[in-house]
Structure formats: C-alpha cells, structure tokens
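Work through the exercises below with the coordinates open. Each task is followed by its solution.

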Amino acid sequence: MLAANLRGMMRANAKKVAALIAVLVIALSLAVLYRRHEATRAHLRRERQAAEMVWQEVVTVYQHDVPLGTARSEVKKYLDGQKARYIDGRNITVRLGETPDDGLFCDYWYVYASFDFSPPQNQTDPSPLDKLVGVSLRRVGHCL
C-alpha cells in the first residue's frame with residue numbers, strides 16, 4: 001500500500017515537473033521570438049531613417065533646381081532631362097522608393113517627390129502654364 005501511494009505521488013510530481021518544463025520552454029521560446037522581432041523592427045527603423053535622408057536630399061535638389069513659379073512644361077523638361085520617370089496628373093509625382101511598415105495595418109509605403117501646381121483661375125484640367133507652388137515628399141500606404 002505504501003509503495004502504491006509513493007508511486008502515485010511520484011507520478012503526480014512527474015506530471016507537475018513536466019508541466020513546469022513545458023511552461024518554461026514556451027516562455028523561453030516566446031522571449032527569443034520577441035527579441036528577434038524587436039531586432040528586426042530596429043533594423044527596419046534604421047533602414048527607413050537612412051532612406052528618408054536620401055529621399056529628403058532628392059527633394060532638396062529638386063527644390064534647388066526647379067524654383068517656385070516654374071511652368072509645368074518646364075518642370076517636365078527638367079525631369080525629362082534627368083531621365084526621371086514621372087506621373088503627370090494634377091501634380092507631377094516621381095516615385096522615389098518604398099519602405100516596409102512595421103505596423104499591423106499597412107504592408108509598405110510608396111514614397112514620391114510631388115511637384116505641386118497652382119492652376120490659373122477657372123481651370124480644372126492641368127495645363128502647361130500651371131505654376132509650381134512646391135516640391136515635397138508624399139507617402140501613400142498599402143494598407144488594409
């Protein structure tokens with residue numbers, strides 16, 4: 001009888017030890033995964049900051065080379081001379097790159113240099129005579 005009770009207690013203790021080991025293994029695995037995730041986020045943040053500096057420098061060059069008040073047609077000539085690929089709509093946009101997002105709702109962000117124009121009064125469609133009013137960075141997210 002004593003031997004049976006002793007074996008029962010040993011089994012119960014073995015189950016408790018096994019459960020404790022399982023909890024420790026899970027906790028350790030989660031800690032390792034979290035550290036990897038944080039390291040990846042930090043790496044992405046550094047890459048994003050470096051890219052941001054380059055993109056801002058490109059916009060600064062555009063702001064220097066194409067003064068405010070320049071006609072749309074002249075801006076297009078400048079970009080053609082630079083062999084820049086652009087989209088000509090209400091504004092002229094030059095795609096500079098994309099950056100991943102570390103959030104839950106967006107996959108990545110496209111980054112553009114945007115040449116903003118002020119059309120003459122009563123004009124709704126873009127015209128070669130539109131005047132440049134600014135050059136800035138613009139981001140468009142690919143989000144849920």
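**Exercise 1. Strand pairing**

Find the bridge partner of Asp88 in E2. Then describe how E1 pairs with E2.

Solution. 
- Asp88 is bridged to Ile92 of E2.
- Strand E1 covers residues 86–88 and strand E2 covers residues 92–100. Strands here are DSSP runs of type E with at least two residues, helices are runs of H or I with at least four, and both are numbered from the N terminus.
- E1 and E2 pair in the antiparallel sense, over 3 bridges. Two strands count as paired if DSSP finds at least two bridges between them.
- The link from E1 to E2 is a hairpin through 3 residues.

Before going on, note the ground rules. This is a predicted model, in which local features need pLDDT of at least 70 and side-chain atom pairs count only at pLDDT 80 or more, while totals for chains, interfaces and linings use all residues. Residues are numbered from 1 along each chain as its sequence is written, and side-chain values use heavy atoms, with hydrogens and water left out.

**Exercise 2. Thr93**

Is Thr93 buried or exposed? Give its surroundings too.

Solution. 
- Thr93 sits in strand E2.
- Its relative accessible area is 17%, so Thr93 is buried. The cut-offs are under 20% for buried, over 50% for exposed, and partly exposed in between (1.4 Å probe, protein chains only).
- In E3, Thr93 has Ser114 as its bridge partner.
- E2 and E3 pair in the antiparallel sense over 8 bridges.
- Leaving aside neighbours within four places in sequence, Thr93 is in contact (heavy atoms within 4.5 Å) with residues including Arg85, Tyr86, Tyr112 and Ser114.

**Exercise 3. Ala71 and Asp130**

Which residues does Ala71 contact, leaving aside its neighbours within four places in sequence?

Solution. 
- Ala71 lies in the loop between H1 and H2.
- Ala71 is buried because its relative accessible area is 13%.
- The contacts of Ala71 are Phe117, Pro128, Asp130 and Lys131, with neighbours within four places left aside.
- Asp130 has 0% relative accessibility, so Asp130 counts as buried.
- A polar atom of the Asp130 side chain lies 3.0 Å from the backbone nitrogen of Ser127.
- Ser127 and Ala71 are 56 residues apart in sequence, yet 8.9 Å apart in space, C-alpha to C-alpha.

**Exercise 4. The whole chain**

What is the order of the elements, from the N terminus on? How does the radius of gyration compare with that of a compact globule of 144 residues?

Solution. 
- The chain has 2 helices and 4 strands, in the order α-α-β-β-β-β.
- The radius of gyration is 30 Å, whereas a compact globule of 144 residues would have one near 15 Å. The radius is taken over C-alpha atoms, and the globule rule is 2.2 Å times the number of residues to the power 0.38.
- The C-alpha trace spans about 105 × 30 × 20 Å along its principal axes.
- Of the 144 residues, 21% count as buried.

**Exercise 5. Confidence**

Where is confidence lowest, and where is it highest?

Solution. 
- The average pLDDT (the predictor's confidence in each residue, from 0 to 100) is 86, and 91% of the residues score at least 70.
- Helix H1 (residues 2–65) is lowest, at a mean of 84. Helix H2 (residues 72–81) is highest, at 95.
- Where pLDDT is low, the predicted coordinates should not be read in detail.

Definitions and conventions:
Polar contact = N/O pair within 3.5 Å; in protein donor to acceptor, adjacent residues only side chain to side chain.
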